[in-house]
Amino acid sequence: MDSSAFFRCEGISLDLGGREILKNISLQVQAGEVLGIIGPNGAGKTSLIEVLSGRIAAKSGAVHFLGRDITTLKLFERARLGVGRTYQTPVVPEDLTVAEVLKAARQAYKPYCTRHQAEWACELVHLVVKPTTLASDLGTLNRRKLLLACLLMRHCPLLLLDEPAAGMINSEVDEFDHLIRLLSKELNIGIVIVEHRLELLDTIADRVMAMDAGETIAHGSLADILDDERVHEAYFEHA
């Protein structure tokens, strides 16, 4: 584990309801790098994202970001430092227009973002919809873009993405592929992405970590991981 890594966690363990969910998980990601996480349902992938984002406190272990120990910081505190997070379901405010969602994000906390910053973020993610469109009327891909724009206007250097391609058709996955590569390689954003769509990880992930039953079982390139017998047993035979 590189102590100078842009973002890292060490020895993360988590118990929920008397059950061991995560067991001594460690990972790191550098600025501009994409780390993919795969594993069968129940492997602990989303729980790990919950811990990394600060929504759930780990039983043990440490989380470091930009040289700072953020282990005890809550979700909103990590968000203000630049830890952006999206969820499996792209939930947006049902009664707000796209313009109103962006305004709420701009004014969520000080310093407020300008309208220009919001417009820049929308252009960056290629969100091309009328500002008066209800957010609830957006399709899956545009909902993802809107949520990303809300994070990017704050210039988040780290994104934690939980199954962002869920519900997308193949052409949308291709577009999302280009967007993630833009964010990581041109904006130098570090990205941790949980994803079942292996074809997406194959094109965007610099490294992949496989999990099963709350543990890391393999780590390396996607090709190497897919040749690992433990991954075949856990991910393919019991997924």
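Ground rules before we start. The model is predicted, so local features need pLDDT of at least 70, side-chain atom pairs count only at pLDDT 80 or more, and totals for chains, interfaces and linings use all residues. Residues are numbered from 1 along each chain as its sequence is written, and side-chain values use heavy atoms, with hydrogens and water left out.

Now the six-stranded sheet. Its order is S6-S7-S8-S3-S9-S10, it is open, and the pairing is mixed. Strands here are DSSP E runs of at least two residues, helices are H or I runs of at least four, and both are numbered from the N terminus. Two strands pair if DSSP finds at least two bridges between them. Which strands stand at the edges? Strand S6 (83-86) and S10 do, each with a single partner strand, so one side of each is left without a neighbour in the sheet. Neighbouring strands are turned by 15° against each other on average, direction ignored. Axes are lines fitted to C-alpha atoms, for helices over the stretch in contact, and angles run from 0 to 180 degrees between N-to-C directions.

Look at S3 and S9. Strand S3 (residues 34-38) pairs with S9 in the parallel sense, over four bridges. Ile38 has Ala210 of S9 as its bridge partner. Helix H6 (residues 170-186) packs on this sheet. H6 touches S3, strand S7 (158-162) and strand S8 (190-194), and its direction makes about 145° with that of S8. Contact means heavy atoms within 4.5 Å.

At the other end, S9 (residues 207-212) and S10 (residues 215-220) run antiparallel, joined by five bridges. Asp212 has Glu215 of S10 as its bridge partner. The two strands form a hairpin with two residues between them. In that turn, Ala213 has a positive phi of about 50°.

Next, the four-stranded sheet. This one is open too, ordered S2-S1-S4-S5, with antiparallel pairing. Strand S2 (19-29) and strand S5 (68-69) stand at its edges, each with a single partner strand, so one side of each has no neighbour in the sheet. S4 and S5 are antiparallel and share two bridges. Phe65 has Arg68 of S5 as its bridge partner. Helix H1 (residues 45-53) lies across S1, S2 and S4, running at about 65° to S2.

Phe65 comes back in the aromatic pairs. The count is two. Rings of Phe, Tyr and Trp (its six-membered ring) pair if their centres lie within 6.5 Å; planes under 30 degrees apart are stacked, over 60 edge-to-face, and the rest tilted. Phe6 and Phe65 form an edge-to-face pair, with 5.5 Å centre to centre and 75° between the planes. Phe6 lies in the segment before strand S1 (7-16) and Phe65 in strand S4 (residues 60-65), so the pair ties together parts that are 59 residues apart in sequence.

The method uses a 1 Å grid over the protein atoms alone. A cavity is a set of points where a 1.4 Å probe fits but cannot get out; a pocket is an open set with protein on both sides within 12 Å along at least five of seven lines; lining residues have an atom within 4 Å of a point. Grid points are joined across faces, edges and corners, and a volume is the space filled by probe spheres set on the points.

How much space lies in the largest pocket? About 600 Å³. It has 25 lining residues, and the closest to its centre are Ala79, Arg85, Leu147, Cys150 and Leu151. S6 supplies the largest share of the lining, four residues. By class, that lining has 19 nonpolar, three polar and three charged residues. Ala, Val, Leu, Ile, Met, Phe, Trp, Tyr, Cys and Pro count as nonpolar, Asp, Glu, Lys and Arg as charged, and the others, Gly among them, as polar.

The second largest pocket holds about 240 Å³. H3 gives the most to its lining, with five residues. The classes there are eight nonpolar, no polar and four charged.

H5 provides the largest share, three residues.

Last, the backbone. Most residues other than glycine have a negative phi, and most peptide bonds are trans. Asn188 has a positive phi of about 65°, and sits in the loop between H6 and S8. Lys110 and Pro111 are joined by a cis peptide bond, omega about 0°. Pro111 is in the loop between H3 and H4.
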